[in-house]
Amino acid sequence: MKLKYNIFLIALLFLVSCEGYLTEDPIGLLTPEQVNLEPTTTSVNYSVSSSYQLLSSTLNIIGEWGWDDGTVTRNDFILHDIASDDMQKKWNPDGDQAWMDQFNNFSFVASNGGFNGTWSYDYEGISRANTAISYLTDVEMMGKLNMEASLKDRLLGESYFLRAFYYFDLVTIYGDVPLLLTPLTSFEEAYEVAVRVDEVEVWTQISSDLANAKDLLPNSKYSVEAEKWRASKGAVIAMQAKVALFNENWQEVINLVGELETLGFYQLNANYFDSFRVAKEFAEDEVIFAYDHQSSQTPQKGNGLCALIGWGFVAPEANFVEAFEINDPRLFYTVDIDAKNVNKLLGTLDGTNKGNDDSPSNRIFIRWADVLLWKAEALLETGKPAEAVGMINTIRQRARNSVTATGGTAPAGTLPDRDVNETDANVIKDWLIHERRVELGFESHRYNDLRRWRIAKDVLGSRGFQDHNYLYPIPQGEIDKSGGSITQNAGY
């Protein structure tokens, strides 16, 4: 069975006419002719695996070259990297896709396609996860299928994790959002849930889904050894820690990262670039959750963002390059300025995959260095400055000891340790802010960091950032289609 999702639609609820396409049913709505009343174990498994697809950077997962509606590929690099002070749209600025430039200078309005794209991807992912959950929690269906309990639990755990992951993206971007938890079978149901709920309720649901996932997934580094891309218990615990981080539950961050450390599944790779190197995918120790892009698959599963890089998209801001300390190996591993190659996204150091719309380079969402810096921040916030500095130094030590791109080592004195005797929390926080930027550059974390630290206006104010930009606008099309039952964020 393969559900016929209308993935050209903008949101989970309403009728829409996209350029070049006429659609009839809202995302999340299953009509009788779309429902297979006799699902198989294979089709139930597919309902779960298809829920991952909206995390990918594969081209045209939604629509067909829908540049204006922001759906050519997943928009994380636009909403989080271009909007920050790390990335600009192109190496040679031009008028191509001018709507992307509006994120660089905060001149966007609610009708900008970037918001439409992100909303579409996340809610389509939620819709698919909801369908999978509805199957896996249907006692009668599971009884007919006689599905092995461990398989059912694992698939259900993955589905809960994915729904939480998509809602985390939505609530951190938009604040209050519609909360859809079951497949919709009528237009009446669709209109009933066409309303934003308080973000507290969304956070509560995210936490509930992650708790359920944690209980259901196996106690192993990989949920399935033959399919290492699937969500694991480690990914769930990491997401729980990230939820705690964004809600400033500092001791919970420390406890959850400690739980991950106890599992012993993850550690920093000896070489910084191994987390991104195509040849090392799922054969290294640092990546906790990533989307597994693969070449030569039908349907296509490659990393289409590499094609955009070949067209001149994705370039560093001068300010980002200047943030790196002298001889820091991470700069070249992130971006080769001379060759205009974004090495970290290409997964190679020689330009291979540049321009390839079917690249095998994975999209990394969570890795161990990120998690350790969450813990450093939580330690600082709970009055343990020396421990926080020690954690920052662990990240710096790995960076300076990484074999450089030319096969050598960084000169003596590169990235010296920060002073563990420093007690000024403001100084240490500045060190942390710096370290997260250079360690995690181009991984779509910077903009969220600036907003949750409430320093986005200080850092980005000269680029046009204003107070109301701490939340992005709800896509204007969703408000229009809802007849006003979905409301807009203040300032838009």
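Before you click, one term: a residue is called buried if its relative accessible area is under 20%. Keep in mind, too, that this is a predicted model.

**Stop one.** Select Phe-103 and Phe-115. Both of them are buried. A search of the whole structure turns up 35 aromatic pairs, and Phe-103 with Phe-115 makes a tilted one, with 5.1 Å from centre to centre and 55° between the planes. Now colour the helices: Phe-103 sits in helix α3 (residues 98-105) and Phe-115 in helix α4 (residues 113-136), twelve residues apart, and the pair links these distant parts of the chain.

**Stop two.** Jump over to Phe-168 and Trp-203. How are these two rings arranged? They form an edge-to-face pair, 5.6 Å centre to centre with 80° between the planes. Phe-168 belongs to helix α6 (residues 149-174) and Trp-203 to helix α8 (residues 199-216), so this pair ties together parts that are 35 residues apart in sequence. Are they buried or exposed? Phe-168 has a relative accessible area of 6%, so it is buried; Trp-203 comes in at 12% and counts as buried as well.

**Last stop.** Pick Lys-90 and Phe-313. Here the charged end of Lys-90 sits over the Phe-313 ring, 4.6 Å from its centre.

How values were computed:
Residues are numbered from 1 along each chain as its sequence is written. This is a predicted model: local features need pLDDT of at least 70, side-chain atom pairs count only at pLDDT 80 or more; totals for chains, interfaces and linings use all residues. Side-chain values use heavy atoms; hydrogens and water are left out. Rings of Phe, Tyr and Trp (its six-membered ring) pair if their centres lie within 6.5 Å; planes under 30 degrees apart count as stacked, over 60 as edge-to-face and the rest as tilted. Helices (H or I, at least four residues) and strands (E, at least two) are DSSP runs, numbered from the N terminus. Buried means under 20% relative accessible area, exposed over 50%, partly exposed in between (1.4 Å probe, protein chains only). A charge sits over a ring if NZ of Lys or CZ of Arg is within 6 Å of the ring centre and within 35 degrees of the ring normal.
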